[in-house]
Amino acid sequence: MIQKDIKPTTGPIGGRIAFVQARWHHDMTSQARSGFAAELADRGFSADRVDYFEVPGAFEIPLMAQRLAAGPDYAAIVATAFVVDGGIYRHDFVASAVIDGLMRVQLDSGVPVLSVVLTPHHFHGTDEHIGFFRAHMEGKGREAAHACLEVLDLEEKLAA
């Protein structure tokens with residue numbers, strides 16, 4: 001459940017947020033981005049304080065996050081990808097590598113990194129599955145925005 005009592009915060013380092021989106025399964029990752037942006041707007045967080053970056057796929061996200069975290073511009077980074085079993089590679093290994101990479105970036109840099117990298121089990125390209133997961137990604141984007149603002153609020157309190 002999303003709490004509505006978290007107030008927008010300026011956060012440390014100017015309070016800018018980087019949102020990194022995989023282009024692979026763009027129809028799904030765009031839903032997370034839309035939900036994220038909508039939730040921030042609902043909470044009064046200015047859209048001009050979010051920068052969006054696209055990378056080819058999930059595997060490229062940790063490096064982009066690392067580069068963004070190395071600079072002074074971002075108080076938080078949010079990443080989204082949709083990793084499914086395409087029958088060619090082990091999608092669970094790819095998802096694990098991405099999540100591990102994002103955690104490493106977060107711990108090494110001290111910049112909070114939030115994940116909307118989803119790996120559904122038994123995803124099928126049917127209208128029913130596509131509809132379900134588009135709605136799910138939108139909801140997860142909203143949840144990530146809520147978590148991001150909460151983390152920025154905690155960071156601001158720790159810095160005080």
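How many residues does helix α4 have, and what distance does helix α4 reach from its first C-alpha to its last?

Modeller: Happy to! Helix α4 covers residues 127-159, which makes 33 residues, and reaches 47 Å from its first C-alpha to its last. That is close to the 48 Å expected at 1.5 Å a residue, where the expected span is 1.5 Å times one less than the number of residues. A word on the ground rules: this is a predicted model, in which local features need pLDDT of at least 70 and side-chain atom pairs count only at pLDDT 80 or more, while totals for chains, interfaces and linings use all residues. Residues are numbered from 1 along each chain as its sequence is written, and side-chain values use heavy atoms, leaving out hydrogens and water.

To place the helix, the elements run β-α-β-α-β-α-β-α from the N terminus, giving four helices and four strands. These are DSSP runs numbered from the N terminus: helices are H or I with at least four residues, and strands are E with at least two. Of the 160 residues in the protein, 41% count as buried, meaning under 20% relative accessible area, with exposed over 50% and partly exposed in between (1.4 Å probe, protein chains only).

Now look along α4 itself. Its buried residues are Phe133, Met137, Gly141, Ala144, Ala145, His146, Cys148, Leu149, Leu152 and Asp153. Their cover includes β1 (17-22), α1 (26-42), β3 (76-82) and β4 (113-118).

In soluble globular proteins, nonpolar side chains tend to be buried together.

Phe19, Phe36 and Tyr52 form one aromatic cluster; rings of Phe, Tyr and Trp (its six-membered ring) pair if their centres lie within 6.5 Å, with planes under 30 degrees apart counted as stacked, over 60 as edge-to-face and the rest as tilted. The structure holds five aromatic pairs. The ring centres of phenylalanine 19 and phenylalanine 36 are 4.9 Å apart with planes at 40°, so this pair is tilted. Phenylalanine 19 sits in strand β1 and phenylalanine 36 in helix α1, so the pair ties together parts 17 residues apart in sequence. Phenylalanine 19 and tyrosine 52 form another tilted pair, at 5.5 Å centre to centre and 55° between the planes. Phenylalanine 19 is buried at 1% relative accessible area, whereas tyrosine 52 counts as partly exposed at 28%. Arginine 33 lies over the face of tyrosine 52, at 3.9 Å from the ring centre; the rule asks for NZ of Lys or CZ of Arg within 6 Å of the ring centre and within 35 degrees of the ring normal.

Conventions: Contact means heavy atoms within 4.5 Å.
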